Amino acid sequence: MPAALKPRKKPTQTRSTVTVDAIVEATIRILRQDGWAGCTTTGIAALAGVSVGSLYQYFPNRNAIAVEIVRQRTRAYLAAVIDADLSDAGTPEETIDAAIAAFVVEKRKGLDVSFALRDALPEVQGRQAIIEEARRFVPALQAKLEAAGARIADPMQLAVALAAVEGAVWEMMAQDEAAIGRPEAITALSRVFRAAAGVSPAAGGR
């Protein structure tokens with residue numbers, strides 16, 4: 001990820017954490033109201049209650065803030081999968097369905113922000129940010145899925161599968177923005193995930 005799309009520094013104290021959180025939250029509010037076109041560092045700083053100089057201490061530009069939002073949302077999606085109850089799944093297919101359902105529930109919570117950032121994703125290399133965050137979750141996700149009966153032989157395939165699902169969500173919503181709210185979306189996204197991840201039954205079955 002280029003330096004222009006990375007935070008300049010990470011908050012290490014409570015005060016700086018509050019400042020960064022305020023900047024991110026202000027950006028989300030502007031995105032919801034005015035979209036990416038209306039999102040400026042001056043406007044973000046004013047809404048966050050900080051100086052533009054303070055904003056630039058942490059983020060070099062609005063693109064870097066957008067990347068941080070993408071990363072935070074990706075972490076929320078994947079954390080939802082890790083926290084999901086998969087105990088009722090009797091087959092690898094049911095396990096993936098339950099995991100994808102948890103992903104979709106969390107995804108729908110921030111759809112307005114996702115739509116606002118949609119046109120900016122290529123500019124801010126959003127897909128790369130998603131893949132980078134997915135890689136951090138691979139060990140925990142692999143263990144979660146395997147414990148529930150869905151074995152994934154190659155850990156890197158899991159990161160690829162997560163990126164494939166994200167891409168499928170956008171393609172689905174490009175055709176119909178309400179599609180992700182329908183039950184058949186889970187089935188379609190599960191198929192994408194299983195194909196990309198190479199899911200097979202765990203040894204001994206369930």
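Where in the protein chain is confidence lowest, and where is it highest?

**View 1. Confidence along the predicted model.** This is a predicted model. Confidence is lowest in strand 2 (residues 200–201), where the mean pLDDT is 62. It is highest in helix 2 (residues 41–48), at 97. Over the protein chain the mean pLDDT is 86. A value of 70 or more is reached by 93% of the residues.

**View 2. The largest cavity.** The model holds three cavities of 30 Å³ or more. The largest cavity has about 130 Å³ of space. It is lined by 13 residues. Closest to its centre are Val70, Tyr77, Lys107, Ser114 and Glu166. Helix 4 gives the most, with five residues. By class, the lining of the largest cavity has eight nonpolar, two polar and three charged residues.

**View 3. The second largest cavity.** About 100 Å³ of space lies here. Which residues line the second largest cavity? The lining includes Leu78, Val81, Ile96, Ala99, Ile100 and Phe103. Leu141, Leu145, Leu158, Leu162, Val165 and Phe193 also belong to the lining. Two or more residues each come from helix 4, helix 5 (92–109), helix 7 (126–147) and helix 8. Helix 5 supplies the largest share, four residues. The lining of the second largest cavity counts twelve nonpolar residues, with no polar and no charged ones.

**View 4. Helix 4 against helix 5.** The axes of helix 4 and helix 5 come within 8 Å. They cross at roughly 145 degrees. Is the crossing of helix 4 and helix 5 left-handed or right-handed? The crossing is right-handed. On the helix 4 side, the contact is made by Arg73, Ala76, Tyr77, Ala80 and Val81. On the helix 5 side, Ala99, Ala102, Phe103, Glu106, Lys107 and Lys109 take part. The residues of this contact divide into seven nonpolar, no polar and four charged.

**View 5. Residues that link the views.** Tyr77 of helix 4 and Lys107 of helix 5 are part of the contact, and both are among the residues closest to the centre of the largest cavity.

Methods. Residues are numbered from 1 along each chain as its sequence is written. This is a predicted model: local features need pLDDT of at least 70, side-chain atom pairs count only at pLDDT 80 or more; totals for chains, interfaces and linings use all residues. Side-chain values use heavy atoms; hydrogens and water are left out. pLDDT is the predictor's confidence in each residue, from 0 to 100. On a 1 Å grid over the protein atoms alone, a cavity is a set of points where a 1.4 Å probe fits but cannot get out, and a pocket is an open set with protein on both sides within 12 Å along at least five of seven lines; lining residues have an atom within 4 Å of a point. Grid points are joined across faces, edges and corners, and a volume is the space filled by probe spheres set on the points. Ala, Val, Leu, Ile, Met, Phe, Trp, Tyr, Cys and Pro count as nonpolar, Asp, Glu, Lys and Arg as charged, and the others, Gly among them, as polar. Axes are lines fitted to C-alpha atoms, for helices over the stretch in contact, and angles run from 0 to 180 degrees between N-to-C directions. A crossing is left-handed if the near helix is turned anticlockwise from the far one by less than a right angle, and right-handed if clockwise. Contact means heavy atoms within 4.5 Å.
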